[in-house]
Amino acid sequence: MAVGKKDISCPPYVKGREIKAEDIKEGKVTYWEHHPDIRYSFTAGQAISRFLKGLKEGKLLATKCDHCGRIMFPPRMFCELCFRPVDEWCEVKDTGVVETFSVSYIDPDAKPLEEPVIVAVISVDGASPKMGFMHILGEVDPDDVYIGMKVKAVWKSESEREGSVTDIKYWKPLEG
Amino acid sequence: MVFNEKIVDAGELKHIEGKIELYWIYTSGEAGDRFFKALKDEGKFLAAKCTCCGKTYFPPRIYCEYDFSETEFVEISGEGCVRAFAVATLDNNEESLKNPEIYAIIDMDGTDGCIIHLLGEMDAEDIRVGMKVKPVLKSKEEREGRITDILYFKPV
Amino acid sequence: MLMEIERIKGLNFHKKQDVAIVGAGITTFKRRLNETGKELSYYAVKQALEEAGLGIEDIEMVVMGSAPDAFDGLHMKGEYLLDGSGGSDRPYMRVFVGGGTGVFAPIAGYWHVASGLADVCLVVCEEKMSSCHPHPQSAFKYIWDPILDRPLQPNLIWIFALEMRRYMHVNNIKHEDIALVSVKNKANALDHPAAQLAERITVEDVLNSEPMALPVRRLDVSPPSDGASALIMVAPHIARQLTDDPVWVAGVGWALDTTWWTNRDLYFPRYVAEAARMAYKMAHITEPRKEIDVAEPYDPFDYKELHHMEGLGLARKGEAPILTREGVTARDGDLPTCPSGGLLGVGNPIAATMGVKVAELYWQLAYRAGKRQVAKEVTRGVAQAWGDLMQVGTVVVLSNKR
C-alpha cells in the first residue's frame, strides 16, 4: 500500500474543460448526435383502465380499503399501506379543494409558454382527506387562486371524451 | 372482492402509446477530441500509451484504466489484423440488407487495442482471421471528425 | 401481526468494523464540459487517491452512483463508466435513487466496509446532463406517470412549485425569507473552485428573476451541470496507516415515501425525517440541533434547504427561515448550513453532488476546507440528499471523533 497522505487543503484544483453550445454548433469540438426512435406502449392495468372508462362516462371512480377505511383516488387495486386488495369501487364527486397550486411559464422542455398554465393539487370531495389529484385550473385569474379554493371539473362534451385525464378540460372555481 | 372482479375483456383494458422525444449530443471528450481532430485534419491515427505500464490504448484515453496513470499520445499506422468478423444480413430493425455488411474486430498494430468497423473491397469468403487490413478514409473535405470518416478497412 | 418488529433499525445491527473517510475529489461543475463521463470520473478519483495517499491498486471494491441513464443517453451507464471509475477487475456496483444518489452512494460504500467485505472502498459519482437534448429537463418528462400525469404536459418544476407553495402556506413563510438561502449559498460558492453559479445577489434579484413555475423563479433553482466526485472509505486499521485525523461515518439512514406524491402533505419531508431518525439513532444523536455542528442539506431549490433542515430536526417546523434570517446558518453562524455553496451555487450534476454534500462535510470535519472552513469548532455534521419522485431521503452523519 502506498503510504503517506499528501498535505492538501481540498479541493486544491478542479479539472474539466468548459465549452459553450456554440462550440458544438461551430464544430470546435468533435461530437456525435443521435436521434433514436424509441416508442412505448404502456398498459393501464386493471384499476386505471376502469378509471379511464369512468372518465369517458363523466364519472370519477375510486376504490376503498375496508381495513384502513381509505377511499383512494385515483383508484388502485391494492392498498399500499395495508398491503391487501381493495374491497369495493365507489364514485367520488367532481368537485374539490385546491391544496396547492403553481403558475407555470414553461413547457416540459423548459421552453417559455405563450400563456402561463395554472396547475394545482386538488383534494377531490368524497375521497379520503389529502387524496390529491394533479390537474389544470381554468376560468380564473392566476392572482385570484388561493389554497382552500373550492373548484369543479369542467368536462369535455361526451362525444369528445376519449378515456384520458384530459377528458376534464380543467377545474374552475365553484361559485357561491 | 374487487380483486376477483377483474376485467377479462381485452377490449376494456386500456393502453397508452408514446414516444421518447429526446436526442443526445455526445462530445467525444478530451482524448476523443484529439483522436478525431487528427483523423479529420491530417488523416492520422492516434493511440495513447500509459506512462507507467506502457500499455497502449486504442482508441486513445487520457488515463490508464489499470494503474490510473496519465497517458501520452502516439501516432500509429492505422493498419491492423482481423481478430474476428461477422456478416450482417439484417439491419437494426431486422430488415434484410440488400448488400450484406461485413463487420470485424481489428487489432490495431502497435497498440493493445482494437476497433470494430466495416470491411470492404473483399468478399466474405476471402476473409481470414489474422488477415492484414488498412483503413480507407473519406476525402479530407468530407471528413467530419467522426468514426464514419473511416469508410471501411481493406486488405493490405 | 405475529412479531413486534422495530421499524427503524440503526442500533442493533452487526457491524464488523468502523468506517473512515480518508480522501475526496471533485471536478469542476459546469453547464457543459467537453470531457466524457469516464474522463470526469477519472479526474475525481485521481484527486481522491492523491488526498488519501493511495494508488488504484489499493482499492478493493468500487461503488458507482449515477442518476437516470436518460441524461448521458447511455443505457447501463454504470458499466459504461467502469473503466474511468477504477472498476476494472474488481467488485463494482452502481446504486441509484434519483437525486438522492449523491448521498446514497456513500451509504452503499459504508455497507461494503462496515460489513468487512472490503477494507478500502472507492465511491464515485458522475453525471453528464448536457448530452441530453432539447434540454436536460426534457429527460424528466419520462419520470411522470404516463397515463395520469403526462397528458397534462407537466414540467418537473411543477412538483417543486406545488411543494414550495404548500410549505409557504402552512408555515406562513414569505418568498423573501426563502430567497435568503439562494443569496447565502451563491455567495458561499464564491470560495469553491468547482462553482458554476457563484455570485453576489440580493433578495430582490431572486424575487425579480424570470418566473418558471410560480412561486419558483429562475434564481430559486440550481442549474443543470456536468461533473463528478469521489470518496475513499476505509477500515480503521487502514485509516491509521494513512492519517492522524480521519473522519468517521457515525450513522447512515434512508427512507422512501409513497410514489402517490399527491397523497402526501407536501409541507413536511417525512422521508427525510425517517431517514434522519435511522442515522441519528446509529450515531447516538438525540438532539440534532445541539449535537450537529455543520450541515449540508440538499438544496436544489432554495426552499428545499429549509424544508430539509426541518426534516433533519435541525429546526422546528417553520423555524428554518427564521434561523436563516438570523444568520445562524451562515458560514460563521452557530449552525453553518451549505458552507460549500450547495447545489444553488456550485451546481447540480445530480449524483455528483456528493462532492458538495458528503465530501464537503468530510473536508469541513477534517479542517481541510480552506477558505470555506466554517468559523466554529466542528465535531459532527450531517449531509442529506433527496430524489426519486421527491420521495427519498438519504442521510449520512460524519464525525471527527470515533
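Analyst: Helices (H or I, at least four residues) and strands (E, at least two) are DSSP runs, numbered from the N terminus. With that in hand, chain A has two helices and 12 strands, and along the sequence they follow the pattern α-β-β-α-β-β-β-β-β-β-β-β-β-β. The radius of gyration of chain A is 25 Å, well over the 16 Å that the globule rule gives for 176 residues, so chain A is more spread out than a compact globule. Here the radius is taken over C-alpha atoms, and the rule is 2.2 Å times the number of residues to the power 0.38.

A word on the model and its labels. This is a predicted model, in which local features need pLDDT of at least 70 and side-chain atom pairs count only at pLDDT 80 or more, while totals for chains, interfaces and linings use all residues. Residues are numbered from 1 along each chain as its sequence is written, and chains are lettered from A and ligands numbered from 1 in the order in which they are written.

The C-alpha atoms of chain A fill a box of roughly 70 × 50 × 35 Å, taken along the principal axes. Of its 176 residues, 35% count as buried; that label requires 20 or more other C-beta atoms within 10 Å of a residue's own, whereas 12 or fewer make it exposed and values in between partly exposed, with C-beta atoms placed from the backbone. Two residues are in contact if those C-beta atoms lie within 7 Å. Among contacts in chain A between residues at least 6 apart in sequence, 47% join residues at least 24 apart.

Now to the meeting place. Chain C brings 59 residues to the contact and chain A brings 51 residues. On the chain C side, the elements giving two or more residues are strand E1 (20–26), helix H1 (37–52), helix H5 (157–171), strand E6 (211–214) and helix H8 (236–242). H5(C) gives the most, with seven residues. The chain C side divides into 27 nonpolar, 20 polar and 12 charged residues, where Ala, Val, Leu, Ile, Met, Phe, Trp, Tyr, Cys and Pro count as nonpolar, Asp, Glu, Lys and Arg as charged, and the others, Gly among them, as polar.

Strands also link the two chains. Strand E8 (residues 95–106) of chain A and E6(C) pair in the antiparallel sense over two bridges; pairing requires that DSSP finds at least two bridges between two strands. In E6(C), Leu214(C) is the bridge partner of Val103(A).
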